[in-house]
Amino acid sequence: MENQEMSKLNRDELKAFREDKINKFTVESNSGKTQIVIGVGTCGVAAGARETEKAFYDEISEQDIAGTTIVSETGCMGFCYSEPTVEVKVPGMPSVIYGDVDEKVAREIVKKHIQEKSVLNSHVFARPASDIISETEKGTDYKQFRIVLRNCGIIDPEKINEYIARDGYKALERAVFEMTGDDIINELKVSGLRGRGGAGFPTWMKWNFTKQVDNDSKYIVCNADEGDPGAYMDRSTLEGDPHSILEAMTIAGYCINAGKGYIYIRAEYPLAIERLKIAMKQSRELGLLGNNILGSDFNFDIEIRLGAGAFVCGEETALLESIEGERGMPNPRPPFPVVKGVWGDPTIINNVETWASIPVIINKGGEWFSSIGTEDTKGTKVFALTGKIKNSGLVEVPMGTTLREIIYDIGGGIPNGRAFKAVQTGGPSGGVITKEYLDTPIDYKSLQELGSIMGSGGMIVLSEDDCVVDVAKFYLGFTIDESCGKCSPCRVGGRVLYNILEKIIKGEGEPEDLDRMRTIGDTMQKASLCGLGQTSPNPILSTLRYFEDEYLAHVNDKKCPAKKCKPLITFEVIPDACTGCTLCARKCPVNAISGDRKQVHLINQGACIKCGECFNVCNFDAILIK
Amino acid sequence: MSVTSIEEIKFSNELISFINEWKNQPGNLIMVLHRVQEEFSYIPGTAAKKVSEMLGVSLSKIYGVITFYHYFKLEKPGKHNIQVCMGTACYLKGGEDLVDELENVLGIGVNQVTDDGKFSIEAVRCVGCCGLAPVVVIGGKVFGKLTKKKLPEVLANFED
């Protein structure tokens, strides 16, 4: 395929093409050749996937099995904590996923698994979810359910034929030839799909509004400005399955009769941009994008517009400004983008995850989709599970899964025997959820009731070592830096809140500060112009709600219970434990520790900069943090 | 951004044809600025002036856009720009300690360049490698699960 001249396909040709590719896909998988599939998302590459790949090639050629072995690449499998990950399919053996495959392990896999047919048990990982496309391994008890990530870790994202072989562009074909715009909207309505960017607005309504506006030109926008620090669901989806986004946007174009789409993506995601460009080129060559799509009279094309590092541009009116090459300042709504969007024309803006769900809804039907999830929220949600968690990575679960299942069953709990403190969802716009609520089934409504939000999918686990005041300050520092400055509740309110937090962390807080923060936060929520300002006090308000004690400890007792806030802690030598080995004195960067050999040491509190080096190096646990 | 300089800045042919290609497309400014920064590693004042002439956009508007977005730089970064991730996961796992240590080792602050022009430090938002936190990115290569101790070893890769 890659070497052949590509030509535009009509509907029947696409069907024939798919049949052919399905056969090839399975032939390659099952006809005597061994397949090694390496995850090469950003995390994988960062962890050394390229070196691993080279080691495979080297060992394969040393063992002289190049003729019977295929090495290929795929997107993120979701096991970020154990990258590089590799799937090995040897004929006659069950397929095996390996984690932590460095060059040495790669060579061992070739020798032991492929040559001697013996699995390296210490590196084996369980498959995260069943495959909704091939529908194999049904009924097995998987915690995860992959709709958005259905192709990630399975197909090579740079090969359109692999996407097509897995029902790719089938939804587009069905939409264009068998459905009217209203049929599509109805299918979305039945599905219950709501926007995955955070706000959870029903997708069908957005499309329907845009469709009903009488205007010659309309636009489709994919919001890939994933700015929540600690979230990378969209990046992984774009890197692992770029065609799913193109297909969905094209379906939307057909639905509302738009001719052009924009993908607004962070410039910080070079690999995702590269793969989108490759995918767009391939789709144009096959007539799946451009004029007369699949031989019909429908024309649609997509252009990439780069973001430039402004969190506020995730807000849709700011995003529109940025697409138009302007400073990304939000505008009051109404008018909403569905009426007045890019260049003043009606525009559908959806987030990456929302787009990625749409081809599946068209293929399997809205009813199938709505059978997954809860009464309030249908379908699945991808979370980037990070922070103090053993198995950090991407997880996709049905709505209604509990936080406990995500954090303990999938995430493996908190490392180093530390205790769970809270989980932060929704990033800088969200809040914390505590131990008492771990059994809450997740959906838009339940999280909101707990004072947090679903958000775009960042899920940060905090342990007893993390200070909530410090975390609140981290998020607020982010939002004041990202505030565009247009409206004063956000610009001024955020700064004042930040100053109060700094004061508290320095041990200069007063009891009235807590109510002061609540009042300012409340005003910001009500009076800010856009979502950024309206939600930026949330991390404070929610930590105040659940951890008021901890704030009070900072304010009244001048103590940081998590021992994180440096101005409120002291390092002391425990005389009974100190052996006088002098290690801490030698390591102290400011020479604040004195004491003779074999004598109890002493820390000069006036000189100590609280770097914690003495605590880290002491072999006798003789340093106490108070 | 100095705009008084009369020296002419040279754009490569690829850059010129990129700008010409985008010239008549609406909303081209950010895309053009990205391409300029790709060429110079920052946006020199003279380059902004030239872009202003080529696109027929006022320099003040260009300055406004450059300063609004974190990604665009007005100062030339070091040959090896060290980007320390300050996303949530990296922050919780000690990203700040890495910044402190880099400042110590290199003797410069964030957004500053060493005297020999070799290194600069930048604190960046999430690079999306939270599973490897804390991370730094140098020249597009990600170094994960870093500690203060490992930093000199990482910097040694860029001693040229």
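At what angle do the axes of helix H2 and helix H4 of chain B cross? The axes of H2 (residues 29–40) of chain B and H4 (residues 59–68) of chain B cross at roughly 70° and come within 11 Å. That makes H2(B) roughly perpendicular to H4(B), a term for angles of 65 to 115 degrees. Axes are lines fitted to C-alpha atoms, for helices over the stretch in contact, with angles running from 0 to 180 degrees between N-to-C directions. Helices are DSSP runs of H or I with at least four residues, and strands are E runs of at least two, numbered from the N terminus.

H2(B) contributes Leu29(B), Ile30(B) and Leu33(B) to the contact, and H4(B) contributes Ile62(B), Val65(B) and Ile66(B). Contact requires C-beta atoms, placed from the backbone, within 7 Å. These residues divide into 6 nonpolar, no polar and no charged. Nonpolar covers Ala, Val, Leu, Ile, Met, Phe, Trp, Tyr, Cys and Pro; charged covers Asp, Glu, Lys and Arg; the others, Gly among them, are polar.

The model is predicted: local features need pLDDT of at least 70 and side-chain atom pairs 80 or more, while totals for chains, interfaces and linings use all residues. Residues are numbered from 1 along each chain as its sequence is written, with chains lettered from A and ligands numbered from 1 in the order written.

Turning to the two chains, their contact takes 35 residues from chain A and 30 residues from chain B. Elements giving two or more residues to the chain A side include helix H12 (316–323) and strand E10 (380–387) of chain A. That side divides into 16 nonpolar, 11 polar and 8 charged residues.

Note on methods
Angles under 35 degrees count as roughly parallel, over 145 as roughly antiparallel, 65 to 115 as roughly perpendicular and the rest as oblique.
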